[in-house]
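Please open the structure in a viewer and keep the selection tool at hand.

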Amino acid sequence: IYKSQQFYQWKDEALPPAKIDDGYTSGDLSWCFARCPNLTSVPSVDGIGKAVSMESFIQESVKVKKLTLPDLPNLTSMRSFAHKASSLESVVVGAMPQNASLFYSFAECASLRSVTIGDVSKVTDVFAAFYACTKLQRVKLSLGAGMVSNAQYLFDGCAMLEEVEGLIDLSVATNIANLITRCPNLREIRL
């Protein structure tokens, strides 16, 4: 991979394992596998830890069902990361200690059931991160560093959500409107 949007709108069902080119220093993987109508899984990417931006990484890639990523120590943004990836069922992402934004990251992922995200202690914006994930049942996420300023619509419309494991520290948040509205099954969340 040597540029953002490398496989944008790619038509194949599968891609071979990839590698971040040694000369690609910007680390921008924005839109890399986005809007790929037939892609069923994201290939392994050697050197993905170099990524600085993964905005809209698999946005609207409607056939991807599962995504597992390692620690992403340099990542600063994953805005709209998997927005409208409608077949996505489970996500596991390692620590992202430099990430500042989960804005719309998994919004409107209609099939999403579980999400586990590692350390995101510098996140400030989680606006609508899980908005309208109607089948989402469990989230493991800790926003306990007191950095979140915008949590509006974070879990709004997550009708099946039962549990959010981890602390969501909103002590400095200026916008928390509709944080957990339309979540009738929610039984545990630590704010």
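What volume does the largest pocket have? The volume is about 150 Å³. A pocket is an open set of points on a 1 Å grid over the protein atoms alone, where a 1.4 Å probe fits, with protein on both sides within 12 Å along at least five of seven lines.

The model is predicted: local features need pLDDT of at least 70, side-chain atom pairs count only at pLDDT 80 or more, and totals for chains, interfaces and linings use all residues. Residues are numbered from 1 along each chain as its sequence is written, and side-chain values use heavy atoms, with hydrogens and water left out.

Next, select the residues lining this pocket, among them Ser41, Val42, Ile48 and Pro70; a lining residue has an atom within 4 Å of a point. Strand E3 (residues 66–69) contributes the most to this lining, with 4 residues; strands are DSSP runs (E, at least two residues), numbered from the N terminus.

Now select Gln6, in the segment before strand E1 (18–19). Gln6 is buried (under 20% relative accessible area), at 16%. Its side chain reaches the backbone nitrogen of Lys3 at 3.4 Å. Not counting residues up to four places away in sequence, Gln6 touches Ile1 and Cys32, where contact means heavy atoms within 4.5 Å.

Finally, select Gln5, also in the segment before E1. Gln5 is partly exposed, with a relative accessible area of 42%; that class lies between 20% and 50% (1.4 Å probe, protein chains only). Leaving aside neighbours within four places in sequence, Gln5 is in contact with Ser30, Trp31 and Cys32.

Key. Points joined across faces, edges and corners; volume = space filled by probe spheres on them. Polar contact = N/O pair within 3.5 Å; in protein donor to acceptor, adjacent residues only side chain to side chain.
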